[in-house]
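The stops below go from one selection to the next.

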Amino acid sequence: MHTIIEAIKRKYESSYLETSEFFVCFNDLVSNDFNTLFSSLPPDRSYKAAEVAGDFHHRLLPPSSVHFAYSSWSLHWLTEAPKEVADSGEPWGDSVYKREEGAWNPEKEYTIVSLVEPLRSSLVDMAMQGRVSEAKLDSFNMPYYFPTVRQLKGGVLAAAKTIIEEEIATKLDISTISFCCIADFGCSTGNNSFPAMHTIIEAVKRKYESSDLKTPDFYVWFNDVVSNDFNTLFRSLPLDRSYKVAAVAGDFHSHLLPPSSIHFAYSSWALQWLTEVPKPAVGLHSPAWKGGKRLYGVKREEVYEAYLGQFERDLEAFLKCRAVEMVKGGIMALLIPALPAYWDPQTEFTVASVIELLRSSLVDMAKEGKLSETKLDAFNFPYYIPTPEEVWAILQKSNSFSIERMEILKSGTLLTVDGHVACFRAVHQNMLTHEFGAETIDESFDMLKKKLQTSPVYANPSNDKTLVVVAILKLNNV
Ligand SMILES: C[S@@+](CC[C@H](N)C(=O)[O-])C[C@H]1O[C@@H](n2cnc3c(N)ncnc32)[C@H](O)[C@@H]1O
């Protein structure tokens, strides 16, 4: 509560507004020890406290009265153990929870779920010794459920999907659309693009259906750089798609499509790529990189300004081009990876932390003479991972687009160490081959893998604090 209230206070203070009064309602079941809670309230708290006893699956508070709701380690408690499970006599531990392949190794690792089984078998032992009623044990099971990270991730991805669907339903003006053009900027080979295009098209179709209008024809333009593997994209197109397709090769910081031709523009995990490495940042070895982790890592230094400047110029160029290509009132959805203001490197990481490990792998390779130092001195990564505030500041400066909505989600990429290596290799292989030669690639990524394995932080995907900004923009009519 202290963290939440202090953060809200800071917001008031930075807006020069008088800080409001704070009221905290503590909720738990009727059987909770509320006396202890009251007597342990911090004496220096800056809020009034009330206790609300009752099941949180029911209404507990007056309508529209809560500004910030919080729940920690509670939602896995179910209202009851499902009937089938309670009566089945099945074990409750690991075997009840369908573990994802490789999620944890019960030989050397454990999770909270692993602790449930010993508890169950202790009770069974006690029943066998006649110290616990067997009949009662037979009809008992644990009333909680621990979702897998993937199940939660489904929710996060669903959040971006829901945002797009809601914005199409409420903001897209279909009255003048006789055919509908959608463009994906930075589509890669389509894996993630096809489901996104499907989501957009289905949402637009629903809008037509609910307005009793004839559904238009759909056209999707897939854009990526000239060197992208468009063959794979075309070969993997969903057979049951309801749209016509064209590929548009070229830099999305330039004009690519006819004026006033796009109704919905989309770009996901692509705008972090810069048109060039800003001059002060050149050289992974350069003084600017001393303690290079500052750029991508927890703290940032002067090079960071140069990167941010380049990111801003590039994003502005992107918006300028789309402003010409989109129809007035057209909608744009941007998904941009982002960094939180702070994360604790002892226990957490972000995509920036992995970039830093790749950087240090390349520097180590150069030290061992396996990679040209001269080349390393002239290289840096041509991308920048902004904070959500930086994205907001740039977007809100646009005269052409209004920000209709901006949400910050957890990235939910949930990669294992091998997953990180595979993903980073896919993204960097061509670039690093071009810079340092194909013979350096295997060892660079082996080194990255070792560095990831050395730190326990990367073993658990839920330590990943990388964010995704979902920004919905609308092209102004004037
Ligand atoms: C990490 S992938 C993201 C792919 C996909 N949108 C997704 O969400 O998974 C980034 C893609 O953006 C493309 N890209 C980067 N800069 C670009 C530019 N200036 N013009 C067009 N595409 C670009 C890259 O080639 C790459 O395929």
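Select P456 first: this residue sits in the loop that runs between α15 (441-454) and β9 (467-475). Helices (H or I, at least four residues) and strands (E, at least two) are DSSP runs, numbered from the N terminus. P456 counts as exposed because it has 10 C-beta neighbours inside 10 Å; the cut-off for exposed is 12 or fewer other C-beta atoms within 10 Å, for buried 20 or more, and partly exposed lies in between, with C-beta atoms placed from the backbone.

Residues are numbered from 1 along each chain as its sequence is written. The model is predicted: local features need pLDDT of at least 70 and side-chain atom pairs count only at pLDDT 80 or more, while totals for chains, interfaces and linings use all residues.

Now colour by pLDDT, the predictor's confidence in each residue, from 0 to 100. The protein chain has an average of 85, and 88% of the residues score at least 70. Select residues 93-102, where pLDDT is below 50. Residues 149-156 also stay under 50.

Next, show the ligand. Around the ligand are 17 residues (C-beta atom, placed from the backbone, within 6 Å). The closest are G186, S188, N192, S268 and A270.

Finish at A333. Not counting residues up to four places away in sequence, A333 touches I164, Y266, V470 and I472, contact being C-beta atoms, placed from the backbone, within 7 Å.

How values were computed. Contact = placed C-beta atoms within 7 Å.
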